[in-house]
Amino acid sequence: SMIISGAFGLFKKETVVAVGGYERETVGEDMELVVRLHEYCSAHGIGYAIRYAERRIIPMAYVQRIDVPAGWLNISGPELTAVDLVAYQEHVGGLTRATTVLEELSLKLDFSKLDADFLKVASAPVFQRLGYLLDCVLGEEDIADGLLALMKAEGMKMKAVPLRLDTSIDNAEVDKKWKVMVNQEIEIDDL
């Protein structure tokens, strides 16, 4: 399938810019963009892949329901989206790309408003990595501390985990607060 939902699609910025971005005079701008990206990449011999990540159980407490003319639209809330960016990092182009999106998303994050059930959406290592990225890479200590307070209040145990799973941890320093073995340097892309 070549259809990628515009609300949930992540694209390489330079390629989207090269094809002129989203068209404003169309109803299906997400599909229209994907078709132009396909044509551009094919014409220029650029390989690409469309990857899908799915969550089988979506806790509706962390989904925003928006009234639209055709009915309702369910959108992942900012905190659930942040967790999924880290949990499914291989589907979004790695931790650097995930962190780049987190930088913008951080404006809407508030873990202090969530309850213990939120910690069921992912494992402790995912929350540790997310906390580390928010705190130590993006400098969003207040947001990260809200997540840490929730984790501590619920007795979530933290063990040392690598920041990036498929990379060696030899000589990796361990962040003491988040117990993350820093085995990848994160460089934020310009949006």
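Mentor: In this predicted model, helix H3, residues 78–87, packs with H5 at an angle of about 105°, and their axes lie 9 Å apart. The angle makes H3 roughly perpendicular to H5, because values from 65 to 115 degrees are counted in that class. On the H3 side, the residues involved are Ala82, Val83, Val86 and Ala87, and they meet Val126, Phe127, Arg129, Leu130 and Leu133 in H5. Sorted by class, the contact of H3 with H5 has eight nonpolar residues, one charged residue and no polar ones.

H5, residues 124–137, is also the helix against which the buried residues of H6 pack. The axes of H5 and H6 come within 8 Å and cross at roughly 155°. That makes H5 roughly antiparallel to H6, because the angle is over 145 degrees. The crossing in which H5 passes H6 is left-handed. From H5, the contact draws on Ala124, Phe127, Gln128, Leu130, Gly131, Leu134 and Asp135, while H6 contributes Glu141, Ile143, Ala144, Leu147 and Met151. The residues of this contact divide into eight nonpolar, two polar and two charged. Phe127 and Leu130 of H5 take part in the contact with H6, and Phe127 and Leu130 also meet residues of H3.

H6 itself covers residues 141–153, which is 13 residues. From its first C-alpha to its last, H6 reaches 18 Å, close to the 18 Å expected at 1.5 Å a residue. The buried residues in H6 are Ile143, Ala144, Gly146, Leu147, Leu148, Leu150 and Met151. An α-helix has 3.6 residues a turn, so residues three or four places apart point the same way. Among the buried residues of H6 are Ile143, Ala144, Leu147 and Met151, and these four also belong to the contact with H5. Just after H6, Gly155 takes a positive phi of about 70°.

The secondary structure of the protein comes to six helices and five strands, and from the N terminus on the elements run α-α-β-β-α-α-α-α-β-β-β. Along its principal axes, the C-alpha trace spans about 50 × 45 × 30 Å. Of the 191 residues in the protein, 37% are buried. Among contacts with a separation of 6 or more, 59% are between residues 24 or more positions apart.

Key:
Residues are numbered from 1 along each chain as its sequence is written. This is a predicted model: local features need pLDDT of at least 70, side-chain atom pairs count only at pLDDT 80 or more; totals for chains, interfaces and linings use all residues. Side-chain values use heavy atoms; hydrogens and water are left out. Helices (H or I, at least four residues) and strands (E, at least two) are DSSP runs, numbered from the N terminus. The expected span of a helix is 1.5 Å times one less than its number of residues. Buried means under 20% relative accessible area, exposed over 50%, partly exposed in between (1.4 Å probe, protein chains only). Contact means heavy atoms within 4.5 Å. Axes are lines fitted to C-alpha atoms, for helices over the stretch in contact, and angles run from 0 to 180 degrees between N-to-C directions. Angles under 35 degrees count as roughly parallel, over 145 as roughly antiparallel, 65 to 115 as roughly perpendicular and the rest as oblique. A crossing is left-handed if the near helix is turned anticlockwise from the far one by less than a right angle, and right-handed if clockwise. Ala, Val, Leu, Ile, Met, Phe, Trp, Tyr, Cys and Pro count as nonpolar, Asp, Glu, Lys and Arg as charged, and the others, Gly among them, as polar.
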